[in-house]
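I opened my notebook to write down what I looked up in this structure. The entries follow the order of my looking.

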Amino acid sequence: MIEPAETRSLLMEKNRMESLTDGIFAFAMTLLVTSMILPGDATPTMSSGSALLSLLPDFYHYIIAFFVLAAFWMGHHEQFSRVHHIDNNFLYLNIISLFFVTLVPFSTSFIGDYNADVTATCLFELNLMVLGLIFALQWLYSTRNHRLVSPDYPKSEIRRRLYHGLIIPFISLVGIIITLAGFDSSTMIYMTSPLVSYVFDRFTSKGT
């Protein structure tokens with residue numbers, strides 16, 4: 001069966017956007033490693049152990065950013081597996097989300113250079129929060145009245161995926177509140193995201 005020209009065009013746009021998204025995620029995740037550079041006050045007489053210790057804050061935030069981006073990419077992949085075509089509004093939302101993806105290497109490098117600084121920490125957490133909210137908005141837009149997904153797709157699954165997509169934004173908001181309250185190392189809260197996701201999945205699976 002030959003698909004109509006309009007359908008083929010929509011499917012092509014979806015595939016092209018998926019390729020662009022995958023490429024930008026891959027580039028951003030690779031670029032993260034450049035945040036781990038020796039501090040400006042490093043000297044040739046500094047031992048390798050001391051130099052490595054000085055990079056621990058950078059490495060710690062690199063790990064967080066890398067795995068959060070990986071989680072966003074996996075969520076985006078799941079989202080696209082349910083979207084059967086795209087429109088201009090969805091395309092623009094995706095482009096905006098990619099803008100914040102490309103900002104993650106900068107915010108990661110910034111917090112590494114200014115570890116425990118309120119502004120740097122809030123910028124990093126705000127970056128991840130906004131990115132997660134835009135992905136959640138994409139899903140909300142595409143599933144509203146089953147706009148871009150199959151009419152048979154269960155509403156309970158739509159809600160479950162929406163709430164799941166709000167986990168990182170929620171954790172980021174809590175982190176920002178902790179930072180503004182004057183506590184250091186608020187980014188450690190991201191270490192709880194696998195546990196939160198596990199508990200959420202267990203809770204929602206029992207409710208179905």
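Entry: How many nonpolar, polar and charged residues does the lining of the largest pocket have? I worked on a predicted model, and there I found 16 nonpolar, seven polar and four charged residues in that lining. I noted a volume of about 750 Å³ for the largest pocket. Of its 27 lining residues, those closest to the centre are Ala 71, Phe 72, Gly 75, His 164 and Ile 168. I then listed the elements that give two or more residues to the lining: α3, α5 (118-143), α6, α7 (167-180) and α8 (193-207). Helix α3 gives the most, with 11 residues.

**Entry: the whole chain.** I went back to the overall layout. The chain has eight helices and zero strands, and I wrote its pattern along the sequence as α-α-α-α-α-α-α-α. I also looked up burial: 38% of the 208 residues count as buried.

**Entry: helix α4.** I checked the length of α4, which covers residues 88-113. At 1.5 Å a residue, its 26 residues should span 38 Å. The C-alpha atoms at its ends are 39 Å apart, which agrees with that expectation. Where does α4 bend? I found a bend of about 30° at Leu 103, and I noted that a proline, Pro 105, follows within four residues. Pro 105 is also one of the buried residues of α4. Among the others on that list are Phe 90, Leu 93, Leu 98, Val 101, Val 104 and Ile 111. The list includes Asn 94, Ser 97, Ser 107, Thr 108 and Gly 112 as well.

**Entry: salt bridges.** Side chains of opposite charge can pair when their charged atoms come close. I looked for such pairs and the count came to three salt bridges.

I took the pair Glu 78 and Arg 161 to begin with; their side chains meet in a salt bridge at 3.4 Å, N to O. Glu 78 lies in helix α3 (residues 56-82) and Arg 161 in helix α6 (residues 155-165), so this pair ties together parts that are 83 residues apart in sequence. Arg 161 has a relative accessible area of 19% and is buried, because buried means under 20%.

Next I looked at Glu 157 and Arg 160, whose side chains meet in a salt bridge at 3.0 Å, N to O. The two are three residues apart in helix α6, which means about one helical turn separates them. Arg 160 is partly exposed, at a relative accessible area of 22%.

Glu 157 also meets Arg 161 in a salt bridge, at 3.3 Å, N to O. These two are four residues apart in α6, so they too are separated by about one helical turn. Both Glu 157 and Arg 161 are buried. Through shared partners, the salt bridges join Glu 78, Glu 157, Arg 160 and Arg 161 into one network.

**Entry: Ile 178.** Ile 178 counts as partly exposed, at 29% relative accessibility.

Key. Residues are numbered from 1 along each chain as its sequence is written. This is a predicted model: local features need pLDDT of at least 70, side-chain atom pairs count only at pLDDT 80 or more; totals for chains, interfaces and linings use all residues. Side-chain values use heavy atoms; hydrogens and water are left out. The expected span of a helix is 1.5 Å times one less than its number of residues. The bend at a residue is the angle between axes fitted to the seven residues ending there and the seven starting there. Buried means under 20% relative accessible area, exposed over 50%, partly exposed in between (1.4 Å probe, protein chains only). A salt bridge is a side-chain nitrogen of Lys or Arg within 4 Å of a carboxyl oxygen of Asp or Glu. On a 1 Å grid over the protein atoms alone, a cavity is a set of points where a 1.4 Å probe fits but cannot get out, and a pocket is an open set with protein on both sides within 12 Å along at least five of seven lines; lining residues have an atom within 4 Å of a point. Grid points are joined across faces, edges and corners, and a volume is the space filled by probe spheres set on the points. Ala, Val, Leu, Ile, Met, Phe, Trp, Tyr, Cys and Pro count as nonpolar, Asp, Glu, Lys and Arg as charged, and the others, Gly among them, as polar.
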